[in-house]
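Hi everyone, thanks for making time this morning. Let me put the model up on the screen, and then we can walk through it together.

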Amino acid sequence: MSLYKGVIDPKPSNPREMFVGWADAPAVDRRFLLGALPLGLAGAGGAAWLIANELDDPGAGAWLTGATHEITGTLITDPYPMIRIIDQTTPGGVRTVLIVAQGKCTSALQLNDQRGSQVTARGVLIQRKQRQMLEVPPFLDDWLMPAKMELAAAVVSPPVKSLGTSRLAGAIMDSKCFFGVMRPGRGKTHKACASLCIRGGVPPSFWVRTKDGAESVLLMTSADGGPMPMDILPLVADPVEAEGEIVRVGDLLQFRANTSAYARI
Amino acid sequence: MGHQYKAIQWNKNKIIYDLYTVVAIVLFIGVFMVVGLQTQPTGHAADPVVLAIRALGVATFTMLTVILAIGPLARLSPRFSPMLYNRRHLGVMTFTVASAHFGLALLWYHSSGPLNPLVSLFASNPLYDSIPGFPFEVLGFAAFLILFVMATTSHDFWLNNLSAPVWKALHMLVYPAYILLVFHITLGALMTEKSILYPALTAVTFISISALHLYIGYREWHADNGMKSLKAKGWVEIGAPDDIPNMRAVIAPLPKGDRVAVFRYDNKISAVTNACRHQNGPLGEGRVIDGCITCPWHGWQYRPDDGVSPPPFTEKIATYKVKIEAGRVFVNPKPNPPGTRTEPAIIAKQGAAVT
């Protein structure tokens with residue numbers, strides 16, 4: 001029969017040595033800690049490096065909060081607030097800049113009085129590759145002013161060209177975060193935020209990849225070209241596919257389909 | 001020990017422990033942020049707030065993993081006892097880091113929208129009926145609430161007022177909290193990030209912690225089973241006095257499932273409960289210092305003959321009657337009320353003595 005002498009150190013080389021918090025540590029513990037503590041710090045730094053170094057590329061988005069950006073063009077409110085400006089670098093010479101408010105409640109913007117008119121708008125630019133968005137800070141009372149300038153018809157009312165019906169697979173994003181406010185502004189960790197943003201009026205975008213792997217971002221509308229209904233919210237940020245009509249309006253690609261056309265993959 | 005309540009009863013070891021922990025946390029989050037900001041291609045910079053949320057989240061999980069590892073490691077080797085000593089401070093710091101993670105995530109992902117942030121936490125993702133789609137945020141929130149309860153009741157004031165068994169049971173909630181965090185990570189970050197490193201690290205960490213606990217549990221179960229032959233009706237035979245290391249103890253299971261710590265000191269034998277009044281620490285793994293049984297976890301002390309802490313402290317633990325017959329030590333398995341003086345058994349020079 002053997003006696004049980006405790007689960008730790010049953011036969012200590014020096015039974016007098018035991019670490020007691022309120023006393024000086026025994027030499028054997030001091031020696032151990034002198035080796036273990038630096039190793040612990042190295043482990044903390046190494047683990048942080050390893051984990052942070054493997055994070056996914058958040059994409060090319062930018063939120064240029066350091067400067068106020070000013071644009072002049074035609075104010076559009078349907079299906080979402082946007083301003084069309086002259087930009088000779090784009091096909092058709094027009095660029096569409098979506099307009100959002102600060103935070104997640106873009107529907108608070110009151111724009112109907114100036115719908116279709118020429119305006120100058122000021123705000124913070126959000127940009128992902130060719131897609132641009134202007135965020136209006138709440139403290140800029142005169143962020144939207146009437147403008148007097150002649151704009152080509154292509155800017156005021158660009159042609160609407162149907163590119164046919166396609167079945168696309170990708171993910172539904174809130175355009176604001178995806179364009180650059182949050183990097184990354186996609187994936188399940190961002191689902192709640194994206195859902196809140198779209199509920200608050202931020203335009204949803206359909207982020208898809210073409211067969212050759214290129215990224216394409218299409219503004220989502222209902223099948224009749226109106227704002228996307230809120231029953232799309234449960235599908236936000238999940239991998240989905242949908243069949244809908246692709247429409248080009250100026251430089252902007254729209255994906256027109258009702259919520260029922262979307263299915264989680 | 002608790003003759004008076006202070007926010008923290010500082011000593012040199014606690015200060016070193018806390019300073020080291022703060023340095024490790026700052027180092028971890030700093031390296032995470034710097035590497036996270038530098039590692040992406042030009043023009044693809046990650047959002048510093050999102051990075052901070054992730055750094056704080058990973059730090060919380062890492063710290064909780066360390067906390068859960070310290071207990072079993074300290075039972076494998078006494079060299080880990082210094083890490084056990086101030087584990088409660090590590091727990092409170094873990095809650096602090098978790099609070100920063102929770103606060104930033106709530107602010108960044110759920111505020112400034114059409115819903116109250118706390119409502120958004122539960123309502124923005126309605127896929128409660130889906131495993132892969134399940135709102136991982138609520139799992140993290142549940143774990144956070146557990147950490148909150150543990151942090152707010154961590155002080156000895158609560159330990160004394162809730163009683164040690166209730167306090168211990170409450171703090172065993174750390175295990176559900178850890179499992180909630182594993183699912184929070186699995187259904188959140190692991191479903192967003194592509195690198196295989198993250199599921200691999202999470203799995204290895206969870207399996208290692210589980211295996212460590214299972215191994216230690218098996219060792220104790222095996223040890224208890226090995227002592228079954230000692231059980232008898234009436235007095236329980238422990239063994240020869242010389243089988244007990246001087247100024248130390250042997251631990252024996254009793255018929256009703258309790259454990260008794262039988263100490264040998266100054267040519268005497270005394271027996272007390274193995275559970276420290278403080279946090280149920282294993283008294284039998286401590287030793288006799290300055291004439292008092294000293295708990296290896298936090299250094300609480302009790303006199304061997306009556307189980308009372310030396311003045312000015314007033315804590316009491318149960319004692320057991322002991323006797324030596326025919327060179328063998330016996331313990332009466334019926335515990336005396338805490339603080340009851342019990343005559344130690346005197347070890348005769350040739351072994352045979354009776355109390």
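Before we look at strands, one term: two strands pair if DSSP finds at least two bridges between them. Strands themselves are DSSP runs of E with at least two residues, helices are runs of H or I with at least four, and both are numbered from the N terminus. This is a predicted model, where local features need pLDDT of at least 70, side-chain atom pairs count only at pLDDT 80 or more, and totals for chains, interfaces and linings use all residues. Residues are numbered from 1 along each chain as its sequence is written, while chains are lettered from A and ligands numbered from 1 in the order in which they are written.

Let's begin in chain A with strand β11, residues 252–256. Of its 5 residues, 4 are buried, meaning that 20 or more other C-beta atoms, placed from the backbone, lie within 10 Å of the residue's own. Strand β9(A), residues 215–221, runs parallel to β11(A) and is joined to it by 3 bridges; there, A:L219 stands opposite A:Q254. Strand β10(A), residues 239–249, pairs with β11(A) in the antiparallel sense over 5 bridges, with A:I246 opposite A:F255. In the hairpin of β10(A) and β11(A), 2 residues lie between the strands, and A:G250 takes a positive phi near 65°.

Now step back to the domains, whose bounds come from an automatic or database domain assignment. Chain A has domain 1 (61–156) and domain 2 (160–264), with C-alpha centres 20 Å apart. Their contact takes 23 residues from domain 1 of chain A and 22 from domain 2 of chain A; contact means C-beta atoms, placed from the backbone, within 7 Å. On the domain 1 side, β3(A) gives the largest share, 5 residues.

What about the two chains? Here 78 residues of chain B are in contact with 55 residues of chain A. On the chain B side, α1(B) supplies the largest share, 10 residues.

An open sheet of 3 strands has the order β5-β6-β7, with antiparallel pairing. β5(B) and β7(B) stand at the edges with a single partner strand each, so one side of each is left without a neighbour in the sheet. Between β5(B) and β6(B), residues 292–294, there are 3 bridges, and the bridge partner of B:R287 in β6(B) is B:T294.

That's the tour, so over to you!

Key: Two residues are in contact if their C-beta atoms, placed from the backbone, lie within 7 Å. A residue is buried if 20 or more other C-beta atoms lie within 10 Å of its own, exposed if 12 or fewer, and partly exposed in between; C-beta atoms are placed from the backbone.
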